[in-house]
Amino acid sequence: MRLRTLPLAAASGAALLAAGLLPAHASANTPASAQEGSVGAADLLAKVTSCSQISNGKYKTDDETSATVPVCGKNGAVFWKADMDIDCDGQRTTNCNENRDPWYQDDTAFHQSDGKALKAESLPYVVVPSSSSIWNYSGAGIKGGGVVAVIYNNKVEYAVVGDTGPTKIIGEASYATAKGLGIDPDPATGGADSGVTYILFKNSKVSPIESHSAAVSLGDQLAKQFLANN
């Protein structure tokens, strides 16, 4: 769980560095690029042009912003459109640790099959807001290890639901998710101001949660169902 007490310093144009300029520190498990699966970004985005709001209110994207982001419902999925803050929580790695991340915590809400925390540097995962009066993710069929299609700059990355965050803020994903989408993954200064779409598939679960290839395989299958059912 990530509870920031400092405003995120990274909402600037410099946060959107080209993929070729990003630090090459991620492990071999980190996706080098993200057109994952066979379903294109444009096809998925065409299904989420309008919002049927299922949350009781809206979320902020950062502490200092106003609440403008609703959680929307579709057949078989929920989605939101927000920014991307970088979550580097979980197991300590070269780029995810106390020295690199002012908000670092050594645990994640959901754990690997061996009981250890997830690895933000190598595993694409998404952070969902902790349950509150605004929205209860579990009541909507979203669970730890569920599949998420993350779309940015015409790229699709499949991630898992891996951590929970503040009750009033939305729009956060792991270091590996950002890197795969060409977003600066630096936990202190990186991220994307806007333009990120998160589609979470209901009642899905990747097993084991730490297998990115399993997330891509299941995600591609669910994305095709999503297109057919919406």
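Trainee: Over how many bridges do β4 and strand β7 pair?
Mentor: The model is predicted. In it, strand β7 covers residues 192–201 and pairs with β4 in the antiparallel sense. The number of bridges between β4 and β7 is 4.

Trainee: Which residue in β5 does V150 stand opposite?
Mentor: Strand β5, residues 155–165, pairs with β4 in the antiparallel sense over 6 bridges. The hairpin formed by β4 and β5 has 2 residues between the strands. Within this pairing, the residue opposite V150 is E157.

Trainee: In the hairpin of β4 and β5, which residue takes a positive phi?
Mentor: The two strands are separated by 2 residues.

Trainee: Is strand β4 largely enclosed by or largely open to the rest of the structure?
Mentor: In a regular strand the side chains alternate between the two faces of the sheet. Here V147, A149 and I151 point one way from β4, whereas V148, V150 and Y152 point the other way, and all are buried. Because 6 of the 6 residues of β4 (residues 147–152) are buried, the rest of the structure leaves this strand largely enclosed.

Trainee: What percentage of the residues in the protein chain is buried?
Mentor: The chain contains 3 helices and 7 strands, arranged along the sequence as α-β-β-β-β-β-β-α-β-α. Its accessible surface is about 9,200 Å², with 49% belonging to carbon and sulfur atoms. Of the 230 residues in the chain, the buried share is 55%.

Trainee: Which element gives the most to the largest nonpolar core?
Mentor: This core has 60 residues, and W80, M84, W135, Y198, I199 and F201 touch the most other members. Elements that each supply at least two residues of the core include β4, β5, β7 and α3 (212–229). With 7 residues, the greatest contribution to the core comes from β2.

Trainee: What is the relative accessible area of W135?
Mentor: Leaving aside neighbours within four places in sequence, W135 is in contact with residues including I54, Y59, V78, W80 and I142. Buried means under 20% relative accessible area. W135 therefore counts as buried, its relative accessible area being 4%.

Trainee: How many residues apart are W80 and W135, the pair that links distant parts of the chain?
Mentor: The count of aromatic pairs is 3. Among them, W80 and W135 form an edge-to-face pair, 5.9 Å centre to centre with 75 degrees between the planes. W80 lies in strand β2 and W135 in the loop between β3 and β4, and their separation in residues is 55.

Trainee: How many residues apart in sequence are the parts that the pair of W80 and Y198 ties together?
Mentor: W80 and Y198 form a tilted aromatic pair, 5.9 Å centre to centre with 35 degrees between the planes. Since W80 lies in strand β2 and Y198 in strand β7, the pair ties together parts whose separation in sequence, in residues, is 118.

Trainee: Which residues do ring pairs link into a cluster?
Mentor: W80 counts as buried at 0% relative accessibility, and Y198 is buried with a relative accessible area of 0%. W135 is also buried, at 4%. The cluster linked by ring pairs consists of W80, W135 and Y198.

How values were computed. Residues numbered from 1 in each chain as written. Predicted model: local features only at pLDDT ≥ 70, side-chain atom pairs only at ≥ 80, totals over all residues. Heavy atoms only, no water. Buried < 20%, exposed > 50% of the residue type's maximum accessible area, 1.4 Å probe, protein only. Pairing = 2+ DSSP bridges. Areas by Shrake-Rupley, 256 points an atom, 1.4 Å probe, with all protein chains shown as cover. Core = buried A, V, L, I, M, F, W, Y, C linked by side-chain atoms within 4.5 Å. Contact = heavy atoms within 4.5 Å. Phe/Tyr/Trp six-rings, centres within 6.5 Å; stacked < 30°, edge-to-face > 60°.
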